[in-house]
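Subject: Handover of a structure and summary of findings

Dear colleague,

Please find the structure below, together with its sequence.

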Amino acid sequence: MSTANASAPAPSPTTPLPATAEGRRLRAMNLLFELRAFIALFVLIAVFGVLSDSYLTWDNLVTMTRHVAINAILAVGMLMVILKGGIDLSVGSTVGLAGVVAGVLLEGLRIGFLDVVVYPPVWAVVVIALAVGAGVGAINGTLVTRFNVAPFIATLGMLYMVRGAALLISDGATYPNLGGSPELGNTGFDFLGSGKIVGIPTAIWLMVLFAAAGSFLTRKAPFGRWLYAIGGNERAAELAGVPVKKVKTRVYMISGVCAAMAGLIIASELTSAAPQAGETFELNAIAAVVIGGASLMGGRGYVRGALVGAFVIGFLADGLVILGVSTFWQIVIKGAVIVLAVILDQAQQKVQRRGAAVAAAVATGPGEQPAARAAT
Amino acid sequence: MKVHPKRMRFTVLVAAAMSALALAACGSDDDNAAESTPAAAGGGGEAGGLISIITPSADNPFFKAEADAADAKAKELGYKTSVASHDDDPNKQSELIDAAISRKAKAIVLDNAGADASIGPVRKAKEAGIPVFLIDREINATGIATAQIVSNNAQGASLGAQDFVKALDGKGKYVELVGKESDTNAGVRSKGYNDVISQYPDLKKVAQQSANWDQQEAFTKMETILQRNRDIDGVIAGNDTMALGAVAALKSAGLLDKVKVVGFDGSPDAISAIKKDQMVATVLQPAALIAEMAVEQADEFVKNGKASKPEKQSIDCELVTKDNADEFGVFARL
């Protein structure tokens, strides 16, 4: 097992560049690219801040961050799936299902053969909904690992099945009253979406919690190194002893839990749960991950990048609403930002390859450059 | 091929679980997509046969009420029914109409997938000798469908706007949440609102956004709009789902007491919000009534071979306020 850690490629292969003019230039460009999502975010905040005096206020920043939290939590899970070279299209449907499960439980679960109605406490509702999310992930993982269904297809199938399940459970209707009642002792669900801890909304704390956990898992834990290893070269990782199937299944379960959490926050904000909630959320999460610089091929990307990606999307969307820009333009601009992010990513790849070639050429001496380039 | 017994067991288990799921799905499909036998065996001499009911989606209570009402009425009159949804996809709608033609349906009751995109499929059905009764949404052509029975969105919007103006005493700042901008009804309702409200110069619209008929989107956009305009007095929304999203945002901002919210559709959730003083009013579209009318007219057409009513029929909407909220059920007067 321990050999796996050693043989896994480093998350970020930064080759030392020579102190020549070209080396310095490449290094500067590289840094700019690395930070491009952050730069984009600051530019956004600055531009909207100038255009509207209600944008750059503490209150609005908190509100926007709370809006971002939903997509950010999804993006943390999505990033980990994408790191291992997969994709999870079922998260949007899981958002809807988790809300519906919370709705059923909070409005009273009728157990037919006992003829009783059970009202579980809020903490149990949250745990059960998260477990349902993990269950969806487990099915995704099983389809991918045991049945060798391509992740895109497996999770696409689950996108429909999970949405269908949410509609079947709710019979297409919305659960309108998730407030609970004091007599039944199940009040307090609205805390997730509307509550505050030391002045900061709970949803933001949850985002921080999920991001920190994701960051720890990917950067510090063996699990993370395995993820990068599988995403980099699955066969090599397997030969090196990485428990590929276990890691893959776990990562879909994590993504399912993230999606369920997002679903609970939405249901809590609205104190109602609709089975249609979360439609196309999977695409927002993928967009955040891509803007954050991850590669859809796997093996490259960071939690912090996905987080910033979610902030870029959210702060842009809310800024356009504050300015009163037409919905049609909002959609166009969002699409353009995603495409631009990928173009920049390609450019960065080019600079990094060039940088690697220059470094290799210096290391092996002049004249060897073509061979070094071929090796990268 | 050798299979490890343990893995085999697991595989079988998963396969069994999945087929159980699929079966469960098919089971409840029965009330929706599959044919159901008539409750009563034929009323009049020529009644009976299949009525195909096609609506946009089953996951919206409005369309569900419509489909349920048509289904119940058709069975009551002695028909078999087939209920399906096209999910606002003109292509899927066309396929469903093809299916109805090949199954020799006696009539099609259709809530269509687009005023222009639906003309072709409806004509196709007419040429195959199947009368089409459009409900809820019109198409941009006459003489093809046997009937086009819609609720009067313009009249409804005007009702809603008048009550909105009354609730605001004819002055103040307000926000309009518009439906999906590609949807005809979104435009008709928005125009209906503005025709009334523009007569009151002291009412100022400070923001207008589309929230795509969606509750969560309305919630997010409303919160963002409130960042710039905390001093608003009212919100008028193109449907109830968006109105309820706005209610949630206003509640979390602590503004629900002073901001008046008006919606459209008359959904059960909105009516309960009106009873709790969270919304001022909504405009009820008699979806169930319209669906029943369409089936009754289809029945008459089957029996007499000709339409009993003019093609274009517009049914008035009703205003639901706290005073009369108890009189309404699921998209219908009780």
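The centres of domain 1 and domain 2 of chain B, taken over C-alpha atoms, are separated by 32 Å. Please note that this is a predicted model. Domain 1 of chain B covers residues 30-145 together with 287-314, while domain 2 of chain B covers 153-284. Contact between these two domains of chain B involves four residues of domain 1 and four residues of domain 2. On the side of domain 1 of chain B that touches domain 2 of chain B, three residues are nonpolar, one is charged and none is polar.

Chain B as a whole

The secondary structure of chain B consists of 10 helices and 12 strands. Of the 334 residues in chain B, 49% are buried. Among the contacts in chain B with a separation of 6 or more, 75% join residues 24 or more positions apart.

Helix α6 of chain B

Helix α6 of chain B spans residues 184-197 and has 14 residues. From its first C-alpha to its last, α6(B) reaches 20 Å, close to the 20 Å expected at 1.5 Å a residue. Which residues of α6(B) are buried? They are Asn185(B), Arg189(B), Ser190(B), Gly192(B), Tyr193(B) and Ile197(B). Seen down the axis of α6(B), these buried residues fall within an arc of 160°, so they line one face of the helix. The elements of chain B against which the buried residues of α6(B) pack are the helix α5 (153-167) and the strands β6 (172-178), β7 (203-210) and β8 (234-237).

Two loop residues of chain B

Asn212(B) lies in the loop between β7 and α7 (215-228) of chain B. Its phi is near 50°, a positive value in a residue other than glycine. Is Asn212(B) buried or exposed? Asn212(B) counts as buried because 21 C-beta neighbours lie inside 10 Å, and the cut-off for a buried residue is 20 or more.

Asp265(B) is placed in the loop between β9 (260-262) and α9 (268-275) of chain B. Although Asp265(B) is not a glycine, it has a positive phi of about 125°. Asp265(B) is likewise buried, with 30 other C-beta atoms within 10 Å.

In chain A, helix α12 has 27 residues. Between its first and last C-alpha, α12(A) reaches 40 Å, close to the 39 Å expected at 1.5 Å a residue. This helix, α12(A), is mostly covered, with 24 of its 27 residues buried. Thr271(A) follows α12(A) and has a positive phi, near 40°.

The buried residues in α13(A) include Phe281(A), Glu282(A), Asn284(A) and Ile291(A). Just after α13(A), Gly293(A) takes a positive phi of about 95°.

The contact between the chains

How many residues does the contact take from chain A and from chain B? It takes 30 residues from chain A and 27 residues from chain B. On the side of chain A that touches chain B, at least two residues each are supplied by α4 (58-83), α7 (151-170), α12 (244-270), α14 (303-323) and α15 (327-364) of chain A. The largest share of that side of chain A, four residues, comes from α4(A). By class, the side of chain A that touches chain B has 12 nonpolar, 14 polar and four charged residues.

Confidence of the prediction

For the complex, the predictor gives an ipTM of 0.74 and a pTM of 0.78. Chain A averages a pLDDT of 87, and 91% of the residues score at least 70. Chain B averages a pLDDT of 86, and 86% of the residues score at least 70.

Where pLDDT is low, the predicted coordinates should not be read in detail.

With kind regards

Conventions: Residues numbered from 1 in each chain as written. Chains lettered and ligands numbered in written order. Predicted model: local features only at pLDDT ≥ 70, side-chain atom pairs only at ≥ 80, totals over all residues. Expected span 1.5 Å × (residues − 1). Buried ≥ 20, exposed ≤ 12 C-beta atoms within 10 Å, placed from the backbone. Arc of directions from axis to C-beta. Contact = placed C-beta atoms within 7 Å. pLDDT = per-residue confidence, 0-100. Nonpolar A, V, L, I, M, F, W, Y, C, P; charged D, E, K, R; others polar. Domains from an automatic or database assignment.
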